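Take a first look at the fold below. Then read on, with the model open beside the text.

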Amino acid sequence: MTATLQLQPHDKDLGGGFNVRRLLPAAKRRSVGPFVFFDHFGPATEQPGNQHDVRPHPHIGLATVTYLFEGAMMHRDSLGSVQEIRPGAINWMTAGRGIVHSERKPERLLQATYVNHGLQLWCALPQAHEEAEPSFTHTAAEDIPALDVQGVPVRVLVGEAFGVRSPVKTFSKTIYLDLALPAGARFELPALAEELAIYPVDGDLMLDGETVAQHTMATLPDGQGGVLTTQGAVRAVVIGGEPLDGPRFITWNFVSSRRERIFEAGADWTAQRIGHVPGETEFIPLPDHPAFRPASQAK
């Protein structure tokens, strides 16, 4: 079997000491199926007075997929959606032609000490849907299919696997699984999609006899599955799907198959034409980046 490609995390500070491990995009691999962005945050203890709120900011051309292992976040967007994100639920926000959202500490937890731990991923939308109408869908934890496969508890967060289908609607074939591998597990992961990757959240595992360390993403050879084994108990996620229909440009919070669309989105955000989150006046300003400068100045 062709050797897997292993991607190492890059630590990113999103502000206020809120650090994430970023696996995608990577220099060696830009995407896995439709997934073009993979951030793992926590476990981090939130204390009263911590300023880890993410102020309103825009997106185009993608869908954000937020999943918590622990904690809580309050989502608000320019459509008027207000949703507390809790562990086990899938929150899918289709940006399409443009949406603005914020992610804040829920008011009920402002004076609490608790742990936040989860993943935020982006799926690039197929070119035919890049300018789709924006939308937000919350799928509660109890509505996510869960089953035992080869002695391993599996949650099918997005897509279809092992005879069950998640209710989360997607724009292309997408796979997102949560595996609770027990100590001494042996799990045969089938070729569920043309592109697949495995990410151990809290411990090391073996993929086809090769060690995949905690917080490392291993991409499987195209069109192939693999055998996962563990010594201790390991939480892991599997992502993948059909390959993208062409390359994507990613700058700041914008994803598009057209470079000029990134510039247009930057101009729209500066002019506050993308949208506003009801009841919020703060926003994250457009960063200084060549993609947002006129062609004569973009050097």
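This is a predicted model: local features need pLDDT of at least 70, side-chain atom pairs count only at pLDDT 80 or more; totals for chains, interfaces and linings use all residues.

Residues are numbered from 1 along each chain as its sequence is written, and side-chain values use heavy atoms, with hydrogens and water left out.

Start with the whole protein. Its secondary structure comes to one helix and 26 strands. Helices (H or I, at least four residues) and strands (E, at least two) are DSSP runs, numbered from the N terminus. The C-alpha atoms fill a box of roughly 55 × 45 × 35 Å along the principal axes. A compact globule of 299 residues would have a radius of gyration near 19 Å, and the protein agrees, with 19 Å. That radius is taken over C-alpha atoms, and the globule rule is 2.2 Å times the number of residues to the power 0.38.

Now look inside. Of the 299 residues, 52% count as buried. Buried means under 20% relative accessible area, exposed means over 50%, and partly exposed lies in between (1.4 Å probe, protein chains only). Contact means heavy atoms within 4.5 Å. Among contacts with a separation of 6 or more, 70% join residues 24 or more positions apart.

Next come the nonpolar cores. Such a core is a set of buried Ala, Val, Leu, Ile, Met, Phe, Trp, Tyr and Cys residues joined through side-chain atoms within 4.5 Å. The largest has 28 residues, and Phe-38, Ile-90, Tyr-176, Met-217 and Ile-239 touch the most other members. Several strands each supply at least two residues, including β3 (19-24), β4 (35-46), β6 (62-70) and β24 (234-241). The largest share, four residues, comes from β6. Apart from this core lies another, of 25 residues, among them Leu-179, Leu-189, Val-212 and Ala-236.

Which residues does Ile-90 contact, leaving aside its neighbours within four places in sequence? Among them are Val-65, Tyr-67, His-138, Leu-157 and Tyr-176.

Turn to the second largest pocket. Its volume is about 220 Å³. On a 1 Å grid over the protein atoms alone, a pocket is an open set of points where a 1.4 Å probe fits, with protein on both sides within 12 Å along at least five of seven lines; lining residues have an atom within 4 Å of a point. Grid points are joined across faces, edges and corners, and the volume is the space filled by probe spheres set on the points. Of the 15 lining residues, Arg-259, Glu-260, Ile-262, Pro-290 and Ala-291 are the closest to the centre. Helix α1 gives the most to the lining, with four residues.

Finally, check the backbone. A cis peptide bond joins Leu-24 and Pro-25, with omega about -5°. Pro-25 sits in the loop between β3 and β4. Another cis bond joins Gly-42 and Pro-43, with omega about 0°. Pro-43 lies in strand β4.

Asp-208 has a positive phi of about 50° although it is not a glycine. Its place is the loop between β20 and β21. Is Asp-208 buried, partly exposed or exposed? Asp-208 is partly exposed, at 36% relative accessible area. Gly-209 lies in the loop between β20 (205-207) and β21 (210-212). Gly-209 is exposed, at 57%. His-215 also has a positive phi, of about 70°. His-215 is buried, at 15%.
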